[in-house]
Amino acid sequence: MIDSHIAWFEDHVRSFLTGDPQDDAHIELKRDHSFKVLAEARAITPTLDLSPGLARAAHLAALYHDAGRFPQYRAYKTFKDAQSANHAHLGVRSLRAHAALSDLAPATRGLVLGAVVMHNRRELPTGISDELALVTRVVRDSDKLDIIRIMLDHLRPGGKESDVVMLHVEDDPERYTPAIVAQIEAGRIGDYALMRYRNDFTLLLLSWVFDLSFRASRRMFLERGHLDELCGLLPRTPELTRIGDRIYDVLNQ
């Protein structure tokens, strides 16, 4: 049952709380995010023709996908992998070290660990099984949908402030990186390594539409108003208006 994994995860998160308000707020942010990603996965899987076993693997991988964020933040005080360590790899290491998946059949354990280690890759590798690709795509879509919610809370005028959550980008309301725009124009997701400004983060979130695997995910993105709100945060230039139109067309496919 997933309930026992939820209980284990709660205990795991509590072990990283220190009593420092700022540090604990970042830990709690990732705890809440993990449960919301699980909720997103539970909303997506009924729209797919999944066996109960695959759906369970997707739900567990969604719950555990960011298990590495907790040791990452404790060690480095950042969520930026390029300045610390790959949090997906840390997550697999942590789950194995604590035998968190010991009650699962080996095949299910492999699906969960595989989805955790691949959830943050720019692209999925070729040659993986159809089952692993499907479980991982559920996690990737679910993760993106909730990260957009979190980032909008910080990107909105008067929103929450956290340099850690914003990955230390510069706050210059008129500037953005042309290379990221070029990636979107080519139908590709934006590259974290190119981000310098808050507008780049907004563009990155828009570009994630190209990597949403399921119609249900694209519908959620559109119906929640994410497209309009994200586009409304960007400078009003013809170039960026074209980006918004391109994203709208993809969401309606």
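Which helix supplies the largest share of the lining of the largest pocket? I looked that up first: H7 does, with six residues.

**Ground rules.** I am working on a predicted model, where local features need pLDDT of at least 70, side-chain atom pairs count only at pLDDT 80 or more, and totals for chains, interfaces and linings use all residues. Residues are numbered from 1 along each chain as its sequence is written, and side-chain values use heavy atoms, with hydrogens and water left out.

**Overall.** I found twelve helices and zero strands (DSSP runs numbered from the N terminus; helices are H or I with at least four residues, strands E with at least two). The C-alpha trace spans about 55 × 45 × 30 Å along its principal axes. For 253 residues a compact globule would have a radius of gyration near 18 Å, and the protein agrees, with 18 Å (taken over C-alpha atoms; the rule is 2.2 Å times the number of residues to the power 0.38). Buried residues make up 52% of the 253 (buried is under 20% relative accessible area, exposed over 50%, partly exposed in between, with a 1.4 Å probe and protein chains only).

**Largest pocket.** I noted a volume of about 730 Å³. A pocket is an open set of points on a 1 Å grid over the protein atoms alone, where a 1.4 Å probe fits, with protein on both sides within 12 Å along at least five of seven lines; lining residues have an atom within 4 Å of a point. The volume is the space filled by probe spheres set on the points, which are joined across faces, edges and corners. Of 29 lining residues, Arg 69, His 87, Asn 120, Tyr 192 and Trp 208 are the closest to the centre. H2, H7 and H9 each supply at least two lining residues. By class I read 14 nonpolar, four polar and eleven charged (Ala, Val, Leu, Ile, Met, Phe, Trp, Tyr, Cys and Pro are nonpolar, Asp, Glu, Lys and Arg charged, the others, Gly among them, polar).

**Second largest pocket.** Its volume is about 180 Å³. It has 14 lining residues, with Leu 155, Asp 171, Arg 198, Asn 199 and Leu 233 nearest the centre. Here H9 gives the largest share, three residues. The classes are four nonpolar, five polar and five charged.

**Core.** The largest nonpolar core has 77 residues, and Tyr 64, Val 112, Met 151, Leu 203, Leu 205 and Phe 221 have the most contacts inside it. Such a core is a set of buried Ala, Val, Leu, Ile, Met, Phe, Trp, Tyr and Cys residues joined through side-chain atoms within 4.5 Å. H7 (residues 130-155) gives the largest share, eleven residues.

**H10.** I then checked residues 215-223, where Ala 216, Ser 217, Arg 218, Met 220 and Phe 221 are buried. Their cover includes H2, H7, H9, H11 and H12. Beyond four places in sequence, Phe 221 touches residues including Leu 145, Ile 148, Leu 205 and Leu 251 (contact means heavy atoms within 4.5 Å). Gly 225 follows H10, with a positive phi near 80°.

Which helix holds His 33? I place His 33 in H2. It counts as buried because its relative accessibility is 0%. Its contacts beyond four places in sequence include His 65, Asp 66, Asp 143 and Asp 146. Leu 95 sits in H5 (residues 87-97) and is buried, at 1%. Among its contacts beyond four places are Trp 8, Tyr 64 and Val 116.
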